[in-house]
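This report is to be read alongside the sequence and the coordinates.

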Amino acid sequence: MPQSTFSALDLSRLHVALIMDGNGRWANVRGWPRAAGHRAGARTVRRIVEAAREMGIGTLTVYAFSSDNWQRPGREVSALMRLFRAYLVGETRRCVENGVRLSVIGRRDRLGPELLATIETAERVTVGGEAMHFRVAIDYSARDAILRAAARLAGEEPTRETFARALGEAVHSPDGAPEVDLLIRTGGEQRLSDFLLWECSYAELFFTPKMWPDFEPADLQAAVWDFAGRERRFGRVLRATG
């Protein structure tokens, strides 16, 4: 693909979503407990957030914990919740220093009080970040969010815009539900797994067999490079050029 095609892409308007799959399998093949994979995955999140900001990507949303993940063994869930809190505590200052706004989307009524307080603090102190909006989905289900948004608008005749706002309110995203341009999934699976279903209606999909802990900034760049070379028609027929 010509370099000019990539250069012409306005990354500040790009919304990249990431399904960070493969932490447990990455650990299993090494004979390590799954928690070790999750810790390695958290370190990868730091690298990718830094790379996305340096690339100039405007919005990055990562799938950290689905509502269905509550069905995992209690010990693993507890370890994940502790990891989320430790990550937020450690990264909030870095976000402030680098102009990154941090938000958490999803349900909050099932989160522990310490984690909830940490989320609220992180969101409050980073709200002024303008370099990039980094969103973390915790206890998130797109189908449940759509149902809650529909209930909010019961009796109304919604437009796509009003529904997107209601959907954002349903997951604590006051800016609404921004459409996803590029969705990347690691770990070799090729499905959305109840992640941003409304927002991904016209997203370009990029799947990689790499497990999340092995995902590098170069892989993010390659996915964006691939995206830049795709023709997005949104149902239209584009007029031939040349």
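The account below takes up helix packing and then individual residues.

The model is predicted, so that local features need pLDDT of at least 70 and side-chain atom pairs count only at pLDDT 80 or more, whereas totals for chains, interfaces and linings use all residues. Residues are numbered from 1 along each chain as its sequence is written, and side-chain values use heavy atoms, with hydrogens and water left out.

**Helix packing**

Helices (H or I, at least four residues) and strands (E, at least two) are DSSP runs, numbered from the N terminus. Axes are lines fitted to C-alpha atoms, for helices over the stretch in contact, and angles run from 0 to 180 degrees between N-to-C directions. Angles under 35 degrees count as roughly parallel, over 145 as roughly antiparallel, 65 to 115 as roughly perpendicular and the rest as oblique.

Helix α3 (residues 34-55) and helix α4 (residues 74-97) have axes that come within 11 Å and cross at roughly 25 degrees, and α3 and α4 are therefore roughly parallel to each other. The crossing in which α3 passes α4 is right-handed, a term for a near helix turned clockwise from the far one by less than a right angle, anticlockwise being left-handed. On the α3 side, Arg34, His38, Arg39, Ala42, Val45, Arg46, Val49 and Glu50 meet Glu76, Leu80, Leu83, Tyr87, Glu91 and Arg94 of α4, where contact means heavy atoms within 4.5 Å. By class, this contact of α3 with α4 has six nonpolar, one polar and seven charged residues; Ala, Val, Leu, Ile, Met, Phe, Trp, Tyr, Cys and Pro count as nonpolar, Asp, Glu, Lys and Arg as charged, and the others, Gly among them, as polar.

Helix α3 also packs against α8, at an angle of about 45 degrees and with the axes 9 Å apart, which makes α3 oblique to α8. Here too α3 passes in a right-handed crossing. Arg47, Ile48, Ala51, Ala52 and Met55 of α3 make the contact with Pro217, Leu220, Gln221 and Val224 of α8, and the classes in the contact of α3 with α8 are seven nonpolar, one polar and one charged.

Helix α8 itself (residues 217-228) has twelve residues and reaches 17 Å from its first C-alpha to its last, close to the 16 Å expected at 1.5 Å a residue, the expected span being 1.5 Å times one less than the number of residues. Within α8, Asp219, Leu220, Ala223, Val224, Phe227 and Ala228 are buried.

**Individual residues**

Buried means under 20% relative accessible area, exposed over 50%, and partly exposed in between (1.4 Å probe, protein chains only).

| Residue | Relative accessible area | State |
|---|---|---|
| Asn23 | 12% | buried |
| Thr126 | 2% | buried |
| Ser173 | 6% | buried |
| Pro174 | 71% | exposed |

Asn23 is found in helix α2 (residues 23-28) and, leaving aside neighbours within four places in sequence, is in contact with Gly37, His38, Gly41, Trp212 and Pro213. Thr126 belongs to helix α5 (residues 113-126) and, not counting residues up to four places away in sequence, touches Thr92, Cys95, Val96, Val100, Arg101 and Leu102.

Ser173 lies in the loop between α7 (160-170) and β5 (182-185), and Pro174 lies in the loop between α7 and β5 as well. Ser173 and Ser103 are 70 residues apart in sequence and 7.7 Å apart in space, C-alpha to C-alpha, while Pro174 and Ile105 are 69 residues apart in sequence and 9.9 Å apart in space, C-alpha to C-alpha. Apart from neighbours within four places in sequence, Ser173 is in contact with Ile105, Arg135 and Gly168.
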